Amino acid sequence: MITDTTDETIRYTADVALLAAGHVLLIERGWDPFKSRWALPGGHVDRGETSLAAGARELEEETGITVPATDLRQVGAYDAPDRDPRGRYVSVAYTATLPTLVQPTAGDDATAARWWPLDALPDLAFDHAEIVAAAANR
């Protein structure tokens, strides 16, 4: 077996599956890849930031909903080589559950934010359907 030993640029991201009353909070992407498709709130981990802090920050920036980082629970790390068409992205996914639905406000790179019933999800971007399923089964 031949192994490619060339260094690979890997980008580090965080995603959040926020759940409430049988729903998950999704954002409509404002640009490519997957422009106009629904996805979990999330994004790049900034320099000096943990993925946990990035998840809480991205959730607030993209949906207007604040969940303390201490309330987020890790779902897992998602690192399939082809999970993002821009290149290699590794995401740590988190989840939290709110007692009731809270009205989101789209912001940052989201053109819309809304709650979707877990049993009637749209076709999600990236591998976010896998993340939602894992979060819902916790």
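This report walks through a few local features of the predicted model shown above.

## Before you start

Because the model is predicted, local features need pLDDT of at least 70 and side-chain atom pairs count only at pLDDT 80 or more, while totals for chains, interfaces and linings use all residues. Residues are numbered from 1 along each chain as its sequence is written, and side-chain values use heavy atoms, with hydrogens and water left out.

Helices (H or I, at least four residues) and strands (E, at least two) are DSSP runs, numbered from the N terminus.

Let us begin with a helix. H1 covers residues 51–63. The expected span of a helix is 1.5 Å times one less than its number of residues. For the 13 residues of H1 that gives 18 Å, and the end C-alpha atoms are 18 Å apart, so the two agree. Just after H1 comes Gly 64, with a positive phi of about 75°.

Several residues of H1 are buried: Ser 51, Ala 54, Gly 55, Ala 56, Arg 57, Glu 58, Leu 59, Glu 62 and Thr 63. Here buried means under 20% relative accessible area, exposed means over 50%, and partly exposed is in between (1.4 Å probe, protein chains only). These buried residues pack against strands E1 (10–20), E2, E4 (42–44), E6 (88–97) and E7. Take Glu 58 as an example: it counts as buried because its relative accessibility is 6%. Contact means heavy atoms within 4.5 Å. Setting aside neighbours within four places in sequence, Glu 58 is in contact with Gly 42, Gly 43, His 44 and Asp 108.

## Two aromatic pairs

A pair of aromatic rings is described by the distance of the centres and the angle of the planes. Rings of Phe, Tyr and Trp (its six-membered ring) pair if their centres lie within 6.5 Å; planes under 30 degrees apart count as stacked, over 60 as edge-to-face and the rest as tilted. A search of the whole structure finds two such pairs. One joins Phe 34 and Phe 126 edge-to-face, at 4.8 Å centre to centre and 75° between the planes. This pair links distant parts of the chain, 92 residues apart: Phe 34 is in the loop between strand E2 (23–29) and strand E3 (38–39), and Phe 126 is in the loop between E7 and helix H2 (128–136). Phe 34 counts as partly exposed because its relative accessibility is 24%, whereas Phe 126 is buried at 18% relative accessible area.

The other pair, Trp 38 and Trp 116, is edge-to-face too, with 5.3 Å centre to centre and 70° between the planes. Again distant parts of the chain are linked, with Trp 38 in strand E3 and Trp 116 in strand E7, 78 residues apart. Trp 38 is buried, with a relative accessible area of 13%, and Trp 116 is buried at 13%.

## Charges over rings

## Backbone points to look for

Most residues other than glycine have a negative phi, and most peptide bonds are trans. With that in mind, look at the loop between E2 and E3, where Pro 33 lies. The peptide bond from Asp 32 to Pro 33 is cis, with omega near 0°. Phe 34 has a positive phi near 65°. Phe 126 is not a glycine either, and its phi is positive at about 55°.

Arg 83 is in the loop between strand E5 (73–78) and E6, and is buried with a relative accessible area of 8%. Its side chain makes a polar contact (a pair of N or O atoms within 3.5 Å; within protein, one must be able to donate a hydrogen and the other to accept it, and residues adjacent in sequence count only if both atoms are side-chain atoms) with the side chain of Asp 127, at 2.7 Å. Not counting residues up to four places away in sequence, Arg 83 touches Tyr 89 and Phe 126, among others.

Thr 111 is in strand E7 (residues 110–117). Thr 111 and Trp 31 are 80 residues apart in sequence and 9.0 Å apart in space, C-alpha to C-alpha. Beyond neighbours within four places in sequence, Thr 111 is in contact with Glu 28, Arg 29, Gly 30 and Ala 106.
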